[in-house]
There are 2 protein chains.
Amino acid sequence: MSQSLSRALQILIELGEGERSLDQVAASLEVHKTTAMRLLHTLEADRFVRRDDRQRYHLGSRLFALGTAALSQHAIRDVAQPHLTRLAAETGGQAVHLAAYENGTAIYLAKVESTHSVRMYSRVGLPAALHATAVGKVLVAGLPPGEQEAVVAGIDFRPFTSRTIPDAAGYHEVLARTREQGWAEDAAEHEDFINCVGAPVRDEAGRVVAAVSVSVPDVILPRDGVRALVPQLLAATEAISADWAGRSS
Amino acid sequence: MSQSLSRALQILIELGEGERSLDQVAASLEVHKTTAMRLLHTLEADRFVRRDDRQRYHLGSRLFALGTAALSQHAIRDVAQPHLTRLAAETGGQAVHLAAYENGTAIYLAKVESTHSVRMYSRVGLPAALHATAVGKVLVAGLPPGEQEAVVAGIDFRPFTSRTIPDAAGYHEVLARTREQGWAEDAAEHEDFINCVGAPVRDEAGRVVAAVSVSVPDVILPRDGVRALVPQLLAATEAISADWAGRSS
DNA sequence: TTCCTGCGTTGCACAATATGCAACGGTGAT
DNA sequence: ATCACCGTTGCATATTGTGCAACGCAGGAA
């Protein structure tokens with residue numbers, strides 16, 4: 001679409017991984033230094049990028065402001081936050097995530113860290129695998145049929161563990177079950193020894209607007225034990241849906 | 001420099017203020033709908049922008065991730081954080097700010113909220129007025145002489161209160177005093193009834209890399225009382241400078 | 001000293017790329 | 001039925017972004 005803009009966005013994404021020099025940026029974009037320079041200068045003028053005294057480029061301060069603004073524009077986050085915290089407490093301090101569908105991906109919008117010192121690879125703003133997480137399944141299952149098909153066709157069924165769903169056929173079955181029962185499971189399909197359950201948040205019209213999941217390491221609770229958390233999960237998502245429906249009043 | 005990129009950045013900045021339609025974006029950029037559309041589509045493809053079901057454009061989820069990445073790339077923030085918290089506690093729960101100079105402006109990098117329920121107009125990521133805040137004075141006073149002059153020449157001495165420094169002449173005096181005494185004051189120059197003191201954080205070479213300030217409403221402490229906080233402020237900034245110098249080991 | 005290597009910058013010629021226009025296709029409100 | 005609003009498409013034009021080559025500058029090595 002817009003080549004130069006698209007390149008500039010790639011620069012920002014790359015700078016998100018760490019500082020770069022002009023030549024490094026130019027090399028990874030596969031463009032001439034001149035081109036990279038002008039993009040960087042434009043970004044710098046609006047504080048999207050900053051240069052340190054060693055001439056290395058970093059993400060600029062404008063992104064702080066936009067980052068928090070972006071968070072507050074996902075209004076569902078504010079509505080859900082107290083419920084997420086409560087859900088985490090009720091389930092014994094497990095990790096709780098809120099995610100929403102956006103543009104072919106599921107994105108974590110909020111996270112309550114587990115009180116058990118277990119590391120999970122997730123972070124607010126990063127995408128969640130659509131085929132290997134409970135929130136991913138819930139969000140895809142809630143898409144209108146047309147879009148759903150397109151999205152599933154675009155999924156790379158890359159395995160994370162030995163239990164990751166390997167293909168579209170298996171995935172469609174899971175989606176059907178998810179719709180029937182109103183919640184989804186992730187049985188160590190994304191990270192070994194971690195089971196999750198997830199359920200949808202819906203708006204007044206019944207459309208899925210977000211998904212909530214609870215993640216529990218095997219050592220704390222076996223898979224059946226995690227399933228037993230579903231009623232509490234559903235109570236939370238229903239409460240969020242209710243708050244969401246009544247928000248503008 | 002790069003026109004299309006620059007326009008796209010304006011879009012992001014504007015979306016930071018709230019949702020917009022395609023026509024609104026095109027109007028405020030003063031370009032044709034087509035142009036705005038292609039920029040928005042490119043931004044959307046990389047999740048910098050998202051469209052809701054009513055076709056309104058919002059900031060996208062990529063900005064969450066970049067926002068937090070940008071914060072963590074300002075390493076001074078992590079070094080300073082514990083000291084800021086302690087300083088706030090030592091001074092009786094006052095508001096404490098950390099700011100750094102970037103590209104002609106001072107930007108708030110971190111903030112400890114006051115425990116008194118006083119609202120201050122500041123937020124992480126937003127710029128601080130160079131001529132009307134303690135951090136602004138400290139940061140400008142610490143610039144190399146050449147750059148300092150250029151920056152002062154670019155300042156718009158817009159008054160915020162009746163005590164705001166009105167011109168460059170007065171400002172230069174204040175900068176000289178700031179350098180001599182090693183700290184700066186803001187005597188209700190930015191917000192009525194709020195006094196601040198600020199001091200620099202320096203690197204190994206003595207260059208100013210950031211500034212810390214304490215802000216106190218008149219009702220809590222008069223101006224002399226705020227000045228009495230300077231020793232604690234300096235202790236904090238010196239501790240941060242020391243940590244900063246020894247960080248890479 | 002001199003020679004590197006790595007960083008960013010400038011000026012210029014070319015054409016690829018972004019732009020504006022005009023017309024179209026929806027959807028929802030009046 | 002009509003209007004207002006929102007987004008989309010195709011196309012001709014020249015503005016705009018691009019690549020090249022040469023330059024400046026600093027720091028380190030020899």
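**Figure 1. The crossing of helices α1 and α3 in chain A of the predicted model.** In this predicted model, helix α1 (residues 3-15) of chain A meets helix α3 (residues 33-45) of chain A, with axes that come within 10 Å and cross at roughly 70°. Angles from 65 to 115 degrees count as roughly perpendicular, and α1(A) and α3(A) are therefore described as roughly perpendicular to each other. On the α1(A) side the contact is made by A:Ser4, A:Arg7, A:Ala8 and A:Ile11, while α3(A) contributes A:Leu39, A:Leu40 and A:Leu43. Sorted by class, the residues of this contact are 5 nonpolar, 1 polar and 1 charged.

**Figure 2. Chain A and its contact with chain B.** Chain A has 249 residues, of which 45% count as buried, and its chain is built with 10 helices and 8 strands. The C-alpha trace of chain A spans about 60 × 40 × 40 Å along its principal axes. When contacts in chain A between residues at least 6 apart in sequence are considered, 57% of them join residues at least 24 apart. The contact between the two chains takes 38 residues from chain A and 38 residues from chain B. On the side of chain A that touches chain B, the elements giving two or more residues are α1, α3, β2 (57-59) and α4 (62-73) of chain A, and α4(A) gives the most, with 10 residues. This side of chain A divides into 18 nonpolar, 14 polar and 6 charged residues.

**Figure 3. The surface near DNA strand C.** DNA strand C is surrounded by 19 residues, and the closest of them are A:Gln3, A:Leu22, B:Ser4, B:Val31 and B:Thr35. Two or more residues of this surface come from each of α1, α2 (22-29) and α3 of chain A, and likewise from α1 (3-15) and α3 (33-45) of chain B. The element that gives the most to the surface near DNA strand C is α3(B), with 4 residues. By class, the surface near DNA strand C has 4 nonpolar, 11 polar and 4 charged residues.

Figure 4. The residues of the surface near DNA strand D divide into 3 nonpolar, 11 polar and 4 charged.

**Figure 5. A:Ala99 in the largest nonpolar core.** The largest nonpolar core has 142 residues, and A:Ala99 and B:Ala99 are the residues with the most contacts inside it. Leaving aside neighbours within four places in sequence, A:Ala99 is in contact with A:Ala106, A:Ile107, A:Tyr108, A:Leu109, A:Ala128, A:Val135, A:Leu139, A:Ala210 and A:Ala211.

Figure 6. A residue is buried if 20 or more other C-beta atoms lie within 10 Å of its own, and B:Ser241 counts as buried because it has 23 C-beta neighbours inside 10 Å. Apart from its neighbours within four places in sequence, B:Ser241 is in contact with B:Val201 and B:Arg202. The C-alpha atom of B:Ser241 is separated by 9.2 Å from that of B:Gly206, although these two residues are 35 residues apart along the chain.

Key. Residues numbered from 1 in each chain as written. Chains lettered and ligands numbered in written order. Predicted model: local features only at pLDDT ≥ 70, side-chain atom pairs only at ≥ 80, totals over all residues. Axes fitted to C-alpha atoms, helices over the stretch in contact; angles between N-to-C directions. Parallel < 35°, antiparallel > 145°, perpendicular 65-115°, else oblique. Contact = placed C-beta atoms within 7 Å. Nonpolar A, V, L, I, M, F, W, Y, C, P; charged D, E, K, R; others polar. Buried ≥ 20, exposed ≤ 12 C-beta atoms within 10 Å, placed from the backbone. Near = placed C-beta within 6 Å. Core = buried A, V, L, I, M, F, W, Y, C linked by C-beta atoms within 7 Å.
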